[in-house]
Amino acid sequence: MSRNFILIIIGLAVVIAIAIASIFGLDTATFNNHWEQAIPNQEIPEGLTSLSSKECGSCHKDHYDEWNTSTHSMAWKDLQFQAEIAKESSPYMCINCHIPLANQQEYLITGLEDGDIYKPIKEKNPLFDSELQQEGINCASCHVRNGAVLSVTVSNRAPHKSVQDKTHLTEQLCIACHNAVAVVTPELVCTFETGDEWMAGPFAETKNCKTCHMPSIDRPIAEEYPVRKSRMHYFMGSGIPKLDSLKPERLDGLHYEFAGIKRSYKATDSVVLKTEVINKFAGHKVPTGDPERFIITKLSVFNTANGELIAVDSFRIGEHWEWYPVAKKIADNNLNPGESRFYQIAALLPVGYYNFELKAYKYRTTAAHIKYNKLGDSYPSHIQFYEKTIPFKVE
Ligand code: HEC
Ligand code: HEC
Ligand code: HEC
Ligand code: HEC
Ligand code: HEC
């Protein structure tokens with residue numbers, strides 16, 4: 001997220017809280033959004049010895065291996081996150097969606113001095129567990145509440161206390177973290193609207209976050225247990241790794257069409273090579289979430305005989321923000337679900353053989369931002385997710 005990560009729901013809430021606190025002369029503010037506070041310290045469910053994903057993974061190996069490739073498992077360790085929270089401009093609540101259980105946090109926050117989000121009142125957390133902290137959004141973050149493992153279905157075969165809960169493990173769990181609009185300070189704004197985008201879009205009635213990001217599969221959920229209904233835990237998304245060595249699974253949202261490209265043109269034609277990009281598969285905008293994400297589609301024309309680059313152009317999908325003095329969105333051409341856009345490249349070409357080439361890249365952030373935050377040369381900024389070459393001739 002940008003260094004100016006700005007938090008908006010709180011915006012109002014905090015402003016109101018501060019106003020109330022000052023009216024009544026209170027020195028602590030009330031918390032209005034779930035992410036202003038950690039999930040309270042959780043007890044280890046009966047039958048287990050720890051809340052760690054590692055322990056869950058000793059029996060739920062597939063779930064563990066899948067989760068381990070996901071960015072959820074990197075939500076704390078990510079170098080960019082570490083660089084951002086080290087900054088004075090980052091308030092205490094940044095960690096509540098990244099290491100959501102109090103057990104993962106060194107301090108308990110009991111209030112705010114003068115209602116100031118930069119002056120949290122801290123107490124040492126006796127149940128702080130640094131191993132859990134490293135795991136970011138771990139199994140227990142989503143599954144453990146009130147001394148039990150929550151599940152949509154319960155087999156009564158688990159060696160741990162399991163409780164059936166049909167309301168907790170729904171898309172609302174995802175939206176709680178993936179939808180937050182808040183102005184924390186003039187330069188610090190948070191805009192994740194994935195939940196709102198999904199609700200406003202064509203998939204709201206048919207597919208939810210789990211349908212696409214946790215596809216169904218029938219399998220045993222622990223070794224030597226019978227096959228049952230399960231969901232994959234890759235939480236696959238952009239597929240942009242946080243570490244060179246980590247290979248998160250990717251979902252493709254965009255589809256490219258090439259109906260506007262002929263195999264043969266006349267030398268007297270002005271050659272116009274046209275392509276259409278459609279947000280066909282994502283249940284929300286592409287990109288979504290972090291305003292720093294963007295997509296580059298690069299169109300090129302090469303002479304087949306000698307490989308010479310004859311024409312090239314790039315097109316960007318994403319947001320533009322100005323952070324100083326006040327955070328402000330300048331532009332946003334993110335693609336809505338179902339929305340499409342046309343790109344073209346034109347050239348006057350002599351008789352010969354050519355290749356039209358399209359390459360598409362998804363960026364998490366810019367190289368400049370990586371450098372600014374001193375994340376190192378090997379920190380991955382983007383992936384190439386698509387490539388297509390179409391030969392044509394001019395006669
Ligand atoms: C010692 C092995 C073991 C450990 C450790 C373990 N589980 Fe389980 N778990 C099982 C078994 C066995 C089942 C039942 C399998 C079946 O009936 O298909 C189960 C079932 C479940 C279910 C489905 C609900 C149910 O009871 O049928 C969930 C969800 C679950 N475990 C999550 C977790 C989480 C989260 C952790 C870590 C906090 C964890 N488990 C740790 C063995 C384990
Ligand atoms: C406790 C807060 C929290 C919950 C609950 C949560 N997420 Fe996330 N999610 C995050 C954070 C934080 C990241 C980014 C971690 C990072 O970049 O280091 C993330 C990353 C992701 C990504 C990967 C984005 C990418 O391409 O890099 C996907 C996909 C995703 N979450 C889907 C889901 C789904 C589906 C659910 C519900 C089943 C869910 N999340 C529940 C906080 C949460
Ligand atoms: C971001 C939230 C989230 C995290 C993190 C998470 N789970 Fe889940 N888990 C879910 C949801 C949602 C379901 C599916 C509920 C349903 O059936 O619709 C689920 C279902 C399960 C089930 C029931 C069987 C199945 O596969 O559907 C097991 C077992 C399970 N999870 C184990 C784990 C383990 C082990 C980890 C850690 C390695 C983990 N989960 C991490 C959200 C999460
Ligand atoms: C119809 C399927 C579908 C639904 C429903 C859906 N997503 Fe996605 N999501 C995708 C696809 C496909 C992508 C990959 C976009 C791309 O990079 O092309 C994606 C990407 C993401 C990302 C990565 C952001 C980025 O731009 O790289 C996050 C985070 C995410 N989804 C969260 C959610 C949450 C939370 C929900 C529920 C509110 C949800 N998604 C609902 C299909 C879906
Ligand atoms: C409401 C929950 C929430 C809070 C609070 C929150 N984050 Fe996040 N953060 C997320 C989610 C969700 C993602 C993943 C977004 C996506 O992939 O679309 C994320 C991703 C990130 C990333 C990775 C961005 C990338 O390009 O992959 C960084 C860095 C980050 N957050 C920093 C912060 C900082 C700093 C704060 C406090 C100012 C903060 N976060 C507070 C939910 C939150």
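## A single protein donor

His98 is placed in the loop between H4 and strand S1 (107-112); helices (H or I, at least four residues) and strands (E, at least two) are DSSP runs, numbered from the N terminus. Its NE2 atom is the single protein donor to the iron atom of ligand 5, at 2.2 Å. Donors are N, O and S atoms within 2.8 Å of the metal (3.2 Å for Na, K and Ca), and sites may look incomplete because water is not among the atoms.

## Basis of the model

This is a predicted model, in which local features need pLDDT of at least 70 and side-chain atom pairs count only at pLDDT 80 or more, while totals for chains, interfaces and linings use all residues. Residues are numbered from 1 along each chain as its sequence is written, chains are lettered from A and ligands numbered from 1 in the order in which they are written, and side-chain values use heavy atoms, with hydrogens and water left out.

## Two histidines on one iron

His72 (NE2) and His178 (NE2) coordinate the iron atom of ligand 2 at 2.1 Å. Because His72 lies in the loop between helix H3 (61-69) and helix H4 (79-85) and His178 in helix H7 (residues 171-178), the pair ties together parts that are 106 residues apart in sequence.

## The open sheet

An open sheet of mixed pairing is formed by 6 strands in the order S11-S18-S17-S13-S14-S15; two strands pair if DSSP finds at least two bridges between them. Strand S11 (264-265) and strand S15 (328-332) are the edge strands, each pairing on one side only.
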